[in-house]
Amino acid sequence: MATSRKGLSHDGKAMQSGMPSGAAGPGRPVPWILGLGLAGAVLFTACQQTVSHPPARSRVEFARDDARGRLELRIGGRPAFTCVYSEDWDLPHLYPIFSPSGQPMTVQKAEPYPHHRSFWFADTVQRAGHREASFYNAWYSGAGGPKDPHPPFRDRIRHDGFLLVQPGSGAGRLRWRLIWEMDHGQTPVLEETRDMRVVALEDGQYFLDVTFTVTAAFGPVTFRSDAVHYAWPYVRMNDRFNTNGQGRLVNSEGGIGQAGTHDRPARWVDFSRTGVPDAEGLALFSHPSNPHPHTWLTRDYGTFGPRREAARNGRPFTLPQGASLSTRVGVLVHRGDGQTGRVDDWYRAWCEGRL
């Protein structure tokens, strides 16, 4: 997650008759090996290999309902996932996320962790001159108190608008603006943009390329998340796909389960139903442009996500006024498990700029 004055950009072009070349440019990986430590260089050498995948031409479309606070993304007429931004919730998130066969994969509100939001992005921060605010725990700031929270929320991440909604053949784009605010909207803390590119793949599979960028637009902001309760971003799988069901958690380095993947460096982490005819899953990728090496939060019950690099992992740091912090991830919704679903091949295609 590099600090900069500008967020990352994406290539908004739909896929053509073949995958694009790996040339550097907007939305493409740039030479990343310089500046990485030896561990990071070893971890990401797989990106240099060449693989290919056939493109899909299914149309990517959006169905927007501001009254309900929902923007549904459809691929070939079938729902893939929905952006939820209603004031009924403490923060915007993606739910449901559907598998290639149409099965819901994630959970929106889980017990004993009702603040989990399927696919979400949050942190604990403090704007200079103000109190600390945990947007990760914003759910508990609702009316009714921590035991029975409900809207309105004292602290929340608010949907501010869609800056771009672009359907297309084979791919679509979305640019989303949000405001992290406290004290019932009286105190803005961070401005956030989410740049999202969705690519239709073969056999009902799809890929989401998303960059989260937070900007200290209202004053310096100190990040105070501990080394335990955060990821950038989080995913929470449901009991059909986590280890409560027939799910299997693996990472790019051969780690298995929470014991073999939590707090370990990895390029990607995958949760898939395994050993069944209808195996399918969801993999989360960390782009080589993010500072590496970093570790991952993983839980057998279904939560996982990448963390910041070691220098900013569980240690306070301050984002100066006007500065931005970005992280870029990929989400592969695939058939098969981590191995038969060719997750590592898809990762290589993405970091080479061919996905």
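In the protein chain, residues 24 or more positions apart account for 64% of the contacts with a separation of 6 or more, a contact being a pair of heavy atoms within 4.5 Å. The model is predicted, with local features requiring pLDDT of at least 70 and side-chain atom pairs counted only at pLDDT 80 or more, while totals for chains, interfaces and linings use all residues. Residues are numbered from 1 along each chain as its sequence is written, and side-chain values use heavy atoms, with hydrogens and water left out.

The protein chain has three helices and 24 strands; these are DSSP runs numbered from the N terminus (helices H or I, at least four residues; strands E, at least two). Of its 355 residues, 58% are buried, where buried denotes under 20% relative accessible area, exposed over 50%, and partly exposed in between (1.4 Å probe, protein chains only). The accessible surface comes to about 13700 Å², and carbon and sulfur atoms contribute 50% of this surface.

When neighbours within four places in sequence are left aside, I97 is in contact with A80, F81, Q103, P104, M105, T106, S118, F119, Y206, L282 and V333.

The structure holds one cavity of 30 Å³ or more. On a 1 Å grid over the protein atoms alone, a cavity is a set of points where a 1.4 Å probe fits but cannot get out, and lining residues have an atom within 4 Å of a point. The volume of the largest cavity is about 30 Å³, taken as the space filled by probe spheres set on the points, which are joined across faces, edges and corners. Its lining consists of F81, L94, I97, Y206, L208, V331 and V333. Two or more lining residues are given by each of β5, β15 (206-215) and β24 (324-335). The lining divides into seven nonpolar, no polar and no charged residues; Ala, Val, Leu, Ile, Met, Phe, Trp, Tyr, Cys and Pro count as nonpolar, Asp, Glu, Lys and Arg as charged, and the others, Gly among them, as polar.

F135 is located in the loop between β8 (132-134) and β9 (142-143). This residue counts as buried because its relative accessible area is 0%. Beyond neighbours within four places in sequence, F135 contacts L91, A122, D123, V125, D155, R156, I157, W180, E181 and V189. F135 and D123 are 12 residues apart in sequence, with a C-alpha to C-alpha distance of 5.5 Å.

Several backbone features were also identified. The peptide bond from P151 to P152 is cis, with omega near 0 degrees, and P152 lies in strand β10 (residues 150-153). A cis peptide bond also runs from W232 to P233, with omega near -5 degrees; P233 is found in the loop between β16 (221-223) and β17 (234-236). S118, although not a glycine, has a positive phi of about 65 degrees. This serine occupies the loop between β5 (93-97) and β6 (119-120) and is buried, at 0% relative accessibility. D183, also not a glycine, has a positive phi of about 55 degrees. D183 is placed in the loop between β13 (171-182) and β14 (187-200) and, at 26% relative accessibility, is partly exposed.

Methods:
Accessible areas come from the Shrake-Rupley method with a 1.4 Å probe; for residues, only the protein chains shown count as cover. On a 1 Å grid over the protein atoms alone, a cavity is a set of points where a 1.4 Å probe fits but cannot get out, and a pocket is an open set with protein on both sides within 12 Å along at least five of seven lines; lining residues have an atom within 4 Å of a point.
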